[in-house]
Structure formats: C-alpha cells, structure tokens
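Here is a guided walk through one protein model, with a few stops at helices, loops and single residues. Keep the sequence and the 3D view side by side as you read.

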Amino acid sequence: MRVYLERVGCKLNQSEIEALGRGFVQAGHQWVQASEEADLCVVNTCTVTHVADRKSRQLIRRLRRANPTARLIVTGCYAEMCPQEIRAIDGVDLIVGNEDKEHLVELAESLERESSGSRALALNLKPETSNFKLQMGHTRAFVKIQDGCNNRCTYCIISLARGRERSRPRQEILTEVEALVAAGCKEVVLTGVHIGGYGRDLGTSLGQLVEDILTETTVPRLRLSSIEPWDLEPSLLRLWDNSRLCRHLHLPLQSGCDATLRCMGRRYTTSQYASLVVDARRFIPDLAVTTDVIVGFPGETDEEFAASLNFVEKMEFARIHVFKYSARPGTAAAEMPHQVPYAEKKERSDAMLELARESSQRFWQKFLGRRMEVLWETRCRDDKHAWSGLTDNYIRVTTRSERSLANTITSTTLVGLIEGGMRGEVED
Ligand code: SF4
C-alpha cells in the first residue's frame with residue numbers, strides 16, 4: 001500500500017505520525033509524501049480547542065477531495081472524543097480511537113483486505129518495498145515516550161482524550177533512538193502528553209530515561225518537549241551537565257495570575273514558577289524558557305489578565321504560545337460561570353501576542369554577535385541558497401550558503417534579528 005500520513009496539532013501527534021510511517025514501512029508498505037499518490041490516507045486529529053476540531057474536519061475533507069479513491073482512516077484525540085462528528089463527514093472509511101492507535105497498521109491492512117474486492121481496480125495492490133533509511137532520514141525526530149495524563153486541569157480535554165498515564169518501555173525507546181541516529185537523525189525530541197510522569201508506572205523516571213539515552217546512544221542532540229512545572233525537580237537540572245541535552249525548557253505557565261491558576265487546577269503559584277525558572281537559569285546558562293499561556297479563561301477579570309500579562313513580561317520567555325480559551329465539552333471549565341466573550345479574548349490574545357513578540361526579540365538580542373552551533377534543517381522555499389536551522393536553545397536561524405548545509409551542525413555567528421528569529425553567518 002502507498003500510505004499518506006498527516007496530522008493536526010501537537011508534537012506528540014507528529015511523533016505518532018513518524019512512528020506510524022516507520023511502522024508502515026517496516027510492514028512492507030510505502031510512505032508517500034503526496035496524498036494524491038496514496039492508496040490510504042491517515043489523519044491524526046487534535047481536539048485541544050474548537051479551532052483544532054475545525055482544522056481536523058477541514059483536513060479530512062481536503063484529503064478526500066484530493067484523492068477520492070484512497071481509503072481514509074481518522075484517528076487521534078478528535079476521533080476519540082467526537083467520533084459522531086467524523087462519521088458525519090462523507091468518505092471516512094475507519095475511525096480509530098487513541099487506545100487502538102498502536103494497532104493502526106494491522107487495522108489498515110484488514111481494511112485493505114476487506115475493501116480490496118470493491119476497489120481493486122483503483123489500487124496498486126502489490127506491497128512495494130521502500131528505503132527505510134530514506135524515510136527516516138530526518139534532521140529532528142519526535143519520539144513518543146509516554147501517553148496519557150493523571151492530572152485534571154479544568155480546561156483540558158487531552159487528559160480525557162488520552163486516558164491515564166502509561167509509559168513506553170525504556171528499551172523500546174532506546175532502540176528507536178538508536179535506529180533514528182543510524183538513519184542520520186541529529187536531534188531527538190522526547191514527547192508525550194505528560195513526559196514528567198514518565199516511568200511512574202514502570203518504577204523509573206524521566207531523569208533516568210534521559211540519562212540512559214545520553215549514555216547508551218550516540219544521539220548528538222536530545223531535547224525535552226513540554227514538561228509540567230511541578231515535574232521539574234531540582235535533581236533533574238544536573239542532567240544539563242551533558243551538553244548534548246538541549247538548553248531548552250518548555251514549561252507551560254497557562255496564566256500569570258494565582259487566582260486563575262487555582263481555577264485552572266494547576267499545581268503551582270506564580271512565585272513557585274518564578275523560583276523554578278530562576279533555579280533553572282542559574283544551572284543552565286543561555287537556557288531558553290518557552291511557555292504556553294491561555295487568555296480569557298472563564299472568570300478572568302481585566303485585573304487578573306493585567307496581572308498575568310505583567311508576570312509573563314517579567315519571566316522573559318524566549319517564546320510564548322498564546323491560546324484563546326476554548327470551552328471543551330466534558331471539562332469542568334466549560335461549565336464555569338462568567339465565560340469571557342470572544343471579542344474580549346481576542347483583545348487579550350492580541351496584547352499577549354505583542355508581548356510574546358517583544359519577549360522573543362529581547363531573548364534573541366542577548367545572542368547578537370555570539371557564535372552558536374546550528375543544526376540546519378531545511379532549505380528555504382523561495383531561495384535555494386537560504387537555510388533554516390535551530391540552535392540547541394531554540395533560536396531559529398537563517399543563513400545563505402552555496403554549499404548544502406542539510407542535516408549538518410555548524411558553528412554560526414548570529415549577526416542580526418529578523419522576523420521569527422536571527423540571521424547567522426556560517427564559518428567556512
Ligand atoms: S497536565 Fe493538565 S494540561 Fe497537561 S495534559 Fe494533563 S490535564 Fe492536560
């Protein structure tokens with residue numbers, strides 16, 4: 001089968017798509033990069049906000065239009081929470097909930113067998129072999145280490161959609177990382193719904209896993225995706241003694257106002273969060289601290305939003321993802337009184353986004369004239385000599401070079417600020 005995979009949403013969904021693609025290739029199928037060429041399209045959906053729901057529906061319809069003869073499987077959090085809405089879309093052949101996602105290759109194969117009679121003419125039924133290395137040869141890869149979350153933040157549907165925490169066995173993760181390194185991957189990002197909870201069910205911990213990956217594999221760069229502030233224990237910070245661990249912490253703040261944090265069911269105060277950031281910065285020089293902030297949570301007053309904005313400004317984040325609060329059916333916050341009108345949320349979001357832009361620029365400014373290692377990922381679309389890459393502390397760098405920089409790490413001087421990051425000069 002020729003299989004096309006696409007996702008909406010977070011890095012966890014991305015890691016699942018990558019793992020699924022490798023699973024299809026190992027089972028003898030071909031992972032194609034254009035939906036028009038596929039016999040099967042798989043969509044990994046998201047339901048974190050109503051915008052994510054809409055994007056998921058749009059993607060399903062777009063793929064159906066682009067390739068009317070391919071079979072179409074829909075999975076992920078939106079499929080888990082609202083299968084009836086997906087069923088109402090024409091042309092979806094199979095909906096797979098999150099629990100069954102790990103069996104998706106087998107499910108797709110049986111779908112293929114069942115429908116082969118009626119669609120045989122439209123398909124290329126011979127399994128094609130594919131170059132595993134080619135499919136896996138990414139610069140950065142997302143590796144899922146756990147799923148689910150035992151917390152119940154009042155706004156969050158993800159803990160409902162993904163169920164209780166469960167961790168992947170350590171050896172399975174190490175084997176996957178080694179395979180990625182062997183295929184040329186230079187950076188691995190550990191992802192999950194709640195990576196700080198890794199290993200609790202296996203009698204181990206995230207710290208132990210990171211240490212094992214750093215000692216037992218040769219991955220040049222290892223990055224943690226989002227980690228909840230209460231999981232960043234001081235003992236974890238010593239892991240950054242190893243320079244292969246990227247100096248980047250994504251610590252979701254969600255609000256800079258204590259009253260709002262309490263209503264959200266978050267397990268920290270702003271002053272605990274601030275002292276965590278101070279400790280982390282003391283321990284890890286040049287650390288990028290990035291975050292998520294929700295604006296317009298039910299009951300958030302003008303004063304509370306002002307307090308949130310003020311705290312966020314003081315934290316000097318390297319990057320801030322801003323979300324307008326979106327009521328998710330089935331969550332406690334959706335039932336709370338004093339829902340904030342859309343126009344108000346929009347205004348607060350604009351103010352927070354403006355602060356986010358300034359905050360990033362202040363962070364980048366500190367690195368002007370500095371020499372940093374950049375992992376070059378892609379050629380820019382409109383200029384074949386322009387390259388885009390990341391420093392380990394999450395600065396997006398663009399440069400021009402006649403030679404191919406793809407998937408190399410080079411020493412680069414950061415010479416200017418540009419939209420979305422910095423301009424660099426690569427040493428020859
Ligand atoms: S920690 Fe809170 S926000 Fe994060 S997945 Fe769990 S319930 Fe959702």
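Helices (H or I, at least four residues) and strands (E, at least two) are DSSP runs, numbered from the N terminus.

Residues are numbered from 1 along each chain as its sequence is written, and side-chain values use heavy atoms, with hydrogens and water left out.

**Confidence**

pLDDT is the predictor's confidence in each residue, from 0 to 100. The protein chain averages 91, and 95% of the residues score at least 70. Residues 117-137 are a stretch to treat with care: pLDDT stays under 50 there, and the model has 37 contacts (heavy atoms within 4.5 Å) beyond four places in sequence for them. Where pLDDT is low, the predicted coordinates should not be read in detail.

Buried means under 20% relative accessible area, exposed over 50%, and partly exposed in between (1.4 Å probe, protein chains only). Thr 413 counts as partly exposed, at 22% relative accessibility. Leaving aside residues up to four places away in sequence, Thr 413 touches Gly 369, Arg 370, Arg 371, Arg 423, Gly 424, Glu 425 and Glu 427.

Asn 13 is found in helix H1 (residues 11-26) and counts as buried, at 2% relative accessibility. Its contacts, again not counting residues up to four places away in sequence, include Asn 44, Thr 45, Cys 46 and Arg 162.

Gly 199 sits in the loop between S9 and H9 and is buried, with 0% relative accessibility. Ser 167, Thr 204 and Ser 205 are what Gly 199 touches once residues up to four places away in sequence are set aside.

How do these residues lie relative to other parts of the chain? The table pairs each with a partner.

| Pair | Separation in sequence | C-alpha to C-alpha |
|---|---|---|
| Thr 413 and Thr 45 | 368 residues | 39 Å |
| Asn 13 and Phe 142 | 129 residues | 9.2 Å |
| Gly 199 and Ile 60 | 139 residues | 35 Å |

H8 has 13 residues and reaches 18 Å from its first C-alpha to its last, close to the 18 Å expected at 1.5 Å a residue; the expected span is 1.5 Å times one less than the number of residues. Ile 173, Leu 174, Glu 176, Val 177, Leu 180 and Val 181 are buried in H8. These residues cover an arc of only 160° around the axis, which puts them on the same side of H8; the arc is that of the directions from the helix axis to the C-beta atoms. After H8 comes Gly 184, with a positive phi near 105°.

In helix H9 (residues 206-216), the buried residues are Leu 206, Gly 207, Leu 209, Val 210, Asp 212, Ile 213 and Leu 214. They pack against helix H8 (170-182), strand S9 (187-191) and strand S10 (221-224).

Which residues of H12 are buried? They are Phe 305, Ser 308, Phe 311, Val 312 and Met 315. Seen down the axis of H12, the buried residues fall within an arc of 125°, so they line one face of the helix. The face turned away from that buried side carries the exposed residues Asp 302, Glu 303 and Lys 314. On the buried side, H12 packs against helix H11 (270-283), strand S12 (288-295), strand S13 (319-324) and helix H13 (342-365).

**Positive phi in loops**

Most residues other than glycine have a negative phi, and most peptide bonds are trans. Gln 254 has a positive phi of about 75° although it is not a glycine. Gln 254 lies in the loop between strand S11 (248-250) and helix H10 (258-264), and is buried at a relative accessible area of 8%. Asp 286, likewise not a glycine, has a positive phi of about 65°. Asp 286 is found in the loop between H11 and S12 and counts as partly exposed, at 26% relative accessibility.

Terms used
This is a predicted model: local features need pLDDT of at least 70, side-chain atom pairs count only at pLDDT 80 or more; totals for chains, interfaces and linings use all residues.
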